[in-house]
Amino acid sequence: MPATSQRVLGLAAMLVTVTIWASLFISLRQASQSVLTSGDIALLRFLPAALLFGWLSRHRLRHIVSVPKRYLFAIAFGAGLPFYLLAATGMQFAPVADGASLIPGILPLFVSAIAWGVYGESLSVGRRLGIGLIVIGIGAFLWHSLFFSPWSVTQGHLILLAASISWAWFTIGVRVTGLNAAEAGAVLAISAVLLLPVGAMSGLVSFNLLQAPLGELGYHVLAQGLGVGIIANYSYAFAIRRLGAEMSAAIGAFTPVVAALIAIPAFSETVSLLTVVAMALIVFGAVLASEGIKWRRTQTKSGPQAA
């Protein structure tokens, strides 16, 4: 397929992904105010994806197993159940605009840091400038929460930063393994479903599905199970393969703008001038930070696969 066509397909996939990611933060905010628990939402989110991607990848098991386990771990934990619990917890304390800024918005910062510190990739001047703007934007969020917001908001911001670091590992794991979108989705979703009983036994998650209204269950099945669990997981992994981890992460940085616009009428949230400035710094910095790293894929026994 010509490079231009691949780029157009990747951009279209990221447009879909950003729209669904914005809806994710709206859904997480709504879930924090419902009778559904984090375990309920995780089950609704990951089980449909595990069934679909597991079936699509059933003939690729040998290839998946041949991938170095540290990269499979990065995919499984980076955007799986641990990531979800971090994001859901953080969104209980922070506004939608903050959550959408501090997870996908600063993803390029952590992707670049891991690429430079772990894989020894070089950083261009533009990427360094972009990272600097992202750091200033993060600092603005944390400064405001430390001095002008309740401690709970600061806790939410710190938890959301941890979630973004986790997601960066997932982004890099997908890029370097050569797994296609369905294979990466299978690793992510199946591992999350298998971890749910462990989380229940450890007290990290609980379940209350039978107490929820059918309408609310249906909403989260569509928003989390179909939208985030299947479509966004596939479209993001697809975009990474077509555009690269850096460009995909940069486009994802526009998520807070979309999420904030939805949250204003949906939850009557207000966006302060400082929040707008911080969001602008993060988005602009992410765009600048989208160039300059050439990734080396891990060569497995069967070689990198195209989605």
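Me: Leaving aside neighbours within four places in sequence, which residues is Ser235 in contact with?

Reply: Ser235 touches Ala13, Val16 and Thr17. Contact means heavy atoms within 4.5 Å. This is a predicted model: local features need pLDDT of at least 70, side-chain atom pairs count only at pLDDT 80 or more, and totals for chains, interfaces and linings use all residues. Residues are numbered from 1 along each chain as its sequence is written, and side-chain values use heavy atoms, without hydrogens and water.

Me: Why is Ser235 called buried?

Reply: Its relative accessible area is 7%. Buried means under 20%, exposed over 50%, partly exposed in between (1.4 Å probe, protein chains only). So Ser235 counts as buried.

Me: What makes Phe46 and Tyr84 an edge-to-face pair?

Reply: Their centres are 6.4 Å apart, with 90 degrees between the planes. Rings of Phe, Tyr and Trp (its six-membered ring) pair if their centres lie within 6.5 Å; planes under 30 degrees apart are stacked, over 60 edge-to-face, the rest tilted.

Me: How do you know that the charged end of Arg58 sits over the ring of Trp55?

Reply: The distance to the ring centre is 4.1 Å. The definition asks for NZ of Lys or CZ of Arg within 6 Å of the centre and within 35 degrees of the ring normal. Arg242 likewise lies over the face of Phe238, at 4.3 Å.
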